[in-house]
Amino acid sequence: MIAVIGGTGLSDPALLGSHEIKSILTPYADQEVQLYLVKRGSVPVIFLPRHGREHSCAPHSINYRANIWALREIGVTKILAVNAVGGINENMGPGQIALPKQIIDYSWGREHSFSQHGKVLHIDFTNPYSEPLRASLLAAASALGVSVWPHGVYACTQGPRLETAAEVQRIRRDGGDMIGMTGMPEAALARELDLDYASIAVSVNWAAGLGDEEITLESIVKVLNAAMEKVIGLIDAVVAEAA
Ligand code: HPA
């Protein structure tokens, strides 16, 4: 089964149609993780809004371990993660969708491994995203005529504040093409549990110091809402192909 992890702009399960709630207890939280079973076409898909359905959980406070564990527990094998990003690379202007290939992790203090409980997991993370899933997304994009940039290094910052201009320049020198706050440890935890994982990254602003306008939540949400139809189109095409 495929899961969609929705980020900013994709938190309301109603965006994916009517749903049934599945509550999953995990070893990583007292509270159950709420997963939403939706149907895309006739195919069941699990939806998980990582910030909560009210968009109230900040990137550093998300219980990534409970989320990924719950997805595996319910039978998910593939994850399409939607991530809002700020663009650094000239190809990553607001509204652009990317399928990043690599990650640099600048986040800290997050529970980032299942290893603490049981055997030590030295996963191979050379290529952090699933190539077959990226290929399916790319094929869907060309069939639908949606422009996606199938490259790029996703830099994960801690947030919830945005970066300083100097931090963005440092990340650019490091090779970062886009910046988000939620790509890690989500991707690594998925790999630890052997789940295929790819990101649909949506640029919602130029990263700090690179654009003319102030970055506001309103402007971010506006760009995201405009891109969401394309994102859902890509998800639907991959879900239909995998069914
Ligand atoms: N930086 C980090 N995360 C983000 C940004 C940004 O500029 N835009 C959307 N998520």
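Predicted model: local features only at pLDDT ≥ 70, side-chain atom pairs only at ≥ 80, totals over all residues.

Start by selecting Ile-62. Leaving aside neighbours within four places in sequence, Ile-62 is in contact with Arg-50, His-51, Cys-57, Asn-67 and Thr-182, where contact means heavy atoms within 4.5 Å. Ile-62 is found in the loop between strand S4 (43-49) and helix H1 (64-74). Helices (H or I, at least four residues) and strands (E, at least two) are DSSP runs numbered from the N terminus. Ile-62 counts as buried because its relative accessible area is 7%; buried means under 20%, exposed over 50% and partly exposed in between, with a 1.4 Å probe and protein chains only.

Residues are numbered from 1 along each chain as its sequence is written, and side-chain values use heavy atoms, with hydrogens and water left out.

Next, select Asn-67, in helix H1. Asn-67 is buried too, with a relative accessible area of 10%. Beyond four places in sequence, its contacts are Val-33, Leu-48, Arg-50 and Ile-62.

Now go to the ligand. Which residues surround the ligand? Select Ala-84, Val-85, Gly-86, Leu-162, Glu-163, Ile-179, Gly-180, Met-181, Val-204 and Asn-205; a residue is near a molecule if one of its heavy atoms lies within 4 Å of it.

- Glu-163: a ligand nitrogen is 2.8 Å from an N or O atom in the side chain.
- Gly-86: a ligand nitrogen is 3.3 Å from a polar backbone atom.
- Ile-179: a ligand nitrogen is 3.4 Å from a polar backbone atom.

On its own the ligand has 260 Å² of accessible area, and the protein covers 94% of this; accessible areas come from the Shrake-Rupley method with a 1.4 Å probe. Colour by secondary structure here: strand S5 (78-87), strand S10 (178-180) and strand S11 (196-206) are the elements that give two or more residues to the shell around the ligand. S5 gives the most, with 3 residues.

The following stop is Ser-107, in the loop between strand S7 (102-105) and helix H2 (131-144). At 15% relative accessibility, Ser-107 is buried. Show its side chain together with that of Asp-105: a polar contact of 2.7 Å joins them. A polar contact is a pair of N or O atoms within 3.5 Å; within protein, one must be able to donate a hydrogen and the other to accept it, and residues adjacent in sequence count only if both atoms are side-chain atoms. Setting aside neighbours within four places in sequence, Ser-107 is in contact with Cys-156, Thr-157, Gln-158 and Met-184.

Finish with some backbone geometry. Select Gly-159 and Pro-160, which are joined by a cis peptide bond with omega about -5°; Pro-160 is found in the loop between strand S9 (153-156) and helix H3 (165-174). The peptide bond from Met-184 to Pro-185 is also cis, with omega near 10°, and Pro-185 is in the loop between S10 and helix H4 (186-192).

Asp-194 is found in the loop between H4 and S11, and its phi is positive, about 65°, although Asp-194 is not a glycine.
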